[in-house]
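Let's take a walk through this structure together. Have the 3D view open, and we'll go from the overall picture down to single side chains.

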Amino acid sequence: MDETDQLVLGREAYDKRAWDEAYRCLSHAGQAAPLAGDDLDRLAMSAYLSGRDEEYLRALERAHQAYLEVGECHHAARCAFWLGLRLVFRGEMAPASGWFGRAHRLLEREPHDCAEQGYLMLPRVERHLAAGDLDAAYAAASGAVEIGERFADADLVACARHLQGRVLLRQRRTTEGFALLDEAMVSVTAGELSPILTGLIYCSVIDACQQVHALDRAREWTSALGRWCSDQPQLVSFSGTCLMHRAEIKRISGAWQDAIDEAQQALERLTRSNNRKDTAGAWYQLAEVHRLRGDFDAAERAYRNASQYGFEPQPGLALLWLAERHTDAAAAAIRRVMGATTDQVRRIRLLPAHVEIMLAADEIEEARCACRELEDVAEGYGTELLRILAAHARGAAELAEGEAQAAVVWLRQAVEGWQQADAPYEAARARVMMGMACRALGDNDGAALEWQAARTMFQQLGATPDLSRVDTLLGMPSDESCGLTARELQVLRLIAAGKTNKQIANELHLSGKTVDRHASNIFNKLDIPTRAAATAWAYEHRLV
């Protein structure tokens, strides 16, 4: 087959969005004869969408040079913009700056305005956002929208408008911000944009929704992104990101094995396309499910893999250490990351864990402070899930301070909110606290009802650590406790802490004979002969 046939086939495959086929045909055509600029554009786009990152950059460089040779400086500048943007995503800021600078110089020589001037405003928006200069970011995005509308460039208009929406979200102008995001998404879902802008805006909007815990919107747009990816079987680049987002949605919805499967598939595709940011995100989602299931070793490995890709593994890693009863390490980690995080939106994902860990460390005032910040954030952004998180945290804080009646009010809101949000694990955790509040109020039957309901859900989910804890509250034997009662588990932890039976009796306000009986029962049930063996067993089963 000659190069003309390959070129025709490549163009046809491109129009059909068969990205791998298009890349192969256009590559073969380019080996036989130089490709024109527009065909090099097609080659670059096919390379990117089929997961060939290095080939994408090389093809864009060739397209840039081809346009320069025929004097099409606007097109050359656009290629330079896309080169710079991809390098920014890869974290290669110096060469990215070089390409953006070249694009600016090319346009300075041109006598007329053009759409490419608007594209070069987009990195400026991101720089202002990163610096926290929200007014300047909004002004730059608005300028890009104006240029896009003037030159009828749908890609530019949609991209700049969605950036306006992101800025407004950061300013807590949630209703206006979501309105602009939704407007940009109309162009995306209607198929009005190029494939690369379609994928980039999908991912950016989903990320913005997740940052402010707009769960319903995140679910809707993730489903839409999934359908778009499914319609292009040879698509690699955005399919991995879609799987990563779906893993998070599945985890929240309680489909934990599906979440693991999606995260593992995401890792495979994201590694192929050299997407380090989302590869780290997929590792983090995998770690979260392992932690909730009680597979702590696998969770720690996954958190550390996320960190290797440049992702802050908190608060998940601190919550893992808390589950392993390393409370001091968990508290130090969450304090460190909270102290280093000044961006308000980024603090949102840390605050619930900060409250939980400080309460476990008996740092009630610090927990209260984090709780108040979370309540302020929930009020400012107004998304339903943030209100639920704030109610859950407030209920936990009230309970820790002995205000059981106030805790019941907040925890009931949390339970109902989590159930409406289809977040069964979080609903079950709130019910455990509700049961503790009921018990503190003398309503033992009500406590048992809450704990039984939570236990059923933990068992269905496979949440082994939580199941063990609620079994202890119910005084029920579990696989992990090997038939030990709640009191026997309490005695065992004190034995493992090196306390004598007399010291245990004093601490628990029991008679010496009662403690002796509990110790004897522990040795018999675990079939172990000594206190040293009991201590080893307790550490092995993470009771201390």
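This is a predicted model: local features need pLDDT of at least 70, side-chain atom pairs count only at pLDDT 80 or more; totals for chains, interfaces and linings use all residues.

Residues are numbered from 1 along each chain as its sequence is written, and side-chain values use heavy atoms, with hydrogens and water left out.

Zoom out to begin with. The protein has 31 helices and zero strands; both are DSSP runs numbered from the N terminus, with helices being H or I of at least four residues and strands E of at least two. Along the principal axes, the C-alpha atoms fill a box of roughly 95 × 50 × 35 Å. Of the 544 residues, 54% count as buried (buried is under 20% relative accessible area, exposed is over 50%, and partly exposed is in between, with a 1.4 Å probe and protein chains only). Now look at contacts, meaning heavy atoms within 4.5 Å: among those with a separation of 6 or more, 56% come from residues 24 or more positions apart.

Next, pick out helix 11. Its 16 residues reach 22 Å from first C-alpha to last, close to the 22 Å expected at 1.5 Å a residue (that expected span is 1.5 Å times one less than the number of residues). Which residues of helix 11 are buried? They are Thr174, Gly177, Phe178, Leu180, Leu181, Ala184, Met185, Ser187 and Val188. Their cover includes helix 9 (134–150), helix 10 (154–170), helix 12 (195–211), helix 13 and helix 22 (364–381). After helix 11 comes Gly191, with a positive phi near 75°.

Gly402 follows helix 23, and its phi is positive, near 80°.

On to charges. The protein has 61 positive and 78 negative side chains, and the centres of the two sets lie 5 Å apart. Here Lys and Arg count as positive and Asp and Glu as negative, without His or the chain ends, and each charge is placed at NZ of Lys, CZ of Arg, CG of Asp or CD of Glu. Side chains of opposite charge can pair when their charged atoms come close. The structure holds 41 salt bridges, each being a side-chain nitrogen of Lys or Arg within 4 Å of a carboxyl oxygen of Asp or Glu.

One of them joins Arg217 and Asp182, at 2.8 Å from N to O. Arg217 lies in helix 13 (residues 215–230) and Asp182 in helix 11 (residues 174–189), so the pair ties together parts that are 35 residues apart in sequence. Both ends are partly exposed: Arg217 has a relative accessible area of 26%, and Asp182 has 25%.

Other bridges stay within one helix. Asp39 and Arg42 meet at 2.7 Å, N to O, and they sit three residues apart in helix 3 (residues 37–49), about one helical turn. An α-helix has 3.6 residues a turn, so residues three or four places apart point the same way. Asp39 is buried at 2% relative accessibility, whereas Arg42 is partly exposed at 22%. In helix 25 (residues 424–440), Arg429 and Glu426 are likewise three residues apart, and their closest N and O atoms are 3.5 Å apart. Arg429 counts as buried at 18%, and Glu426 as partly exposed at 24%. Salt bridges also link Asp53, Glu54, Arg86, Arg90 and Glu92 in a network.

Finally, visit helix 14 (residues 237–253), where you'll find Glu248 and Thr241. Is Glu248 buried or exposed? Glu248 is buried, with a relative accessible area of 18%. Beyond its neighbours within four places in sequence, Glu248 is in contact with Gln210 and Gln285. Thr241 is buried too, at 2% relative accessibility. With the neighbours within four places again left aside, Thr241 is in contact with Cys203, Leu270, Asn275 and Asp278.
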